Amino acid sequence: MSGPVSRTVVPGLGVVTVAPLDVSPGSEELAVLHGWVGEERARFWGMVGKSAEEVDAIYRHLDSLETHHAFWVRLDGRPVALLQTYQPEHDPVGECYDVEPGDLGMHLLQAPPEPRAAPVPGFTELLGTALAGFLLADPGVQRLVVEPDSRNARALTRLERTGFELGPEIRLPDKTARLAFLTRRRLRALLPAEDLGGSSG
């Protein structure tokens, strides 16, 4: 797949584009991503200390799967996040709760803040809601599932602000996590129906 798969104008934010992560040899996106996941603030992502080659290999393997996907998110052309999705029934998470038809798991890693850029009020919530709309634009997806580390209080607070409802704690191989869910119905209460997903490219 090439080119943006979604382009959405988000009032108060800008133009958000979402496209598959470029995992080709020499990918600039993989080089940028290695810098992101190596920072201490991204420790919950689980890749601090990994070499560029190790990170590349992880995402090339992910690209080979039909059940897990990685997307590069840009705002007005500038990289701002990595979005990952997975089918819970093909992931360890699916062994920890009752997976429902239409469930889709997601992870979101934001880019580090730019040193001289003025902060945008509500940036994370605006971006998160736009990306939730992108994922729920697929009629086969009925509910988004996330499982941040239960110690990551900042992530849990942001999820609630985005509309997710917190669920129980679960034990995964690498962490104790807290489930959270966002249904299509709940997102529709937050957004006009026509805002679900934006335009496709």
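Helices (H or I, at least four residues) and strands (E, at least two) are DSSP runs, numbered from the N terminus. The model described here is predicted, so local features need pLDDT of at least 70 and side-chain atom pairs count only at pLDDT 80 or more, whereas totals for chains, interfaces and linings use all residues. Residues are numbered from 1 along each chain as its sequence is written, and side-chain values use heavy atoms, with hydrogens and water left out.

Contact, meaning heavy atoms within 4.5 Å, is made by Leu-30, Leu-33, His-34 and Val-37 of H1 and by Ala-52, Val-55, Asp-56, Tyr-59 and Arg-60 of H2.

The interior is described through nonpolar cores, which are sets of buried Ala, Val, Leu, Ile, Met, Phe, Trp, Tyr and Cys residues joined through side-chain atoms within 4.5 Å; buried means under 20% relative accessible area (1.4 Å probe, protein chains only). The largest core has 29 residues, of which Val-16, Val-73, Leu-83, Leu-127, Leu-144 and Phe-164 touch the most other members. Among the elements giving two or more residues to this core are strands E2 (14-20) and E3 (68-75) and helix H3 (123-136). H3 gives the most, with eight residues.

Leaving aside neighbours within four places in sequence, Phe-164 is in contact with Met-106, Leu-144, Val-146, Leu-159, Ala-180, Phe-181 and Leu-182. A second, separate core of 17 residues includes Leu-21, Leu-33, Trp-36 and Ala-42.

Technical notes: Buried means under 20% relative accessible area, exposed over 50%, partly exposed in between (1.4 Å probe, protein chains only).
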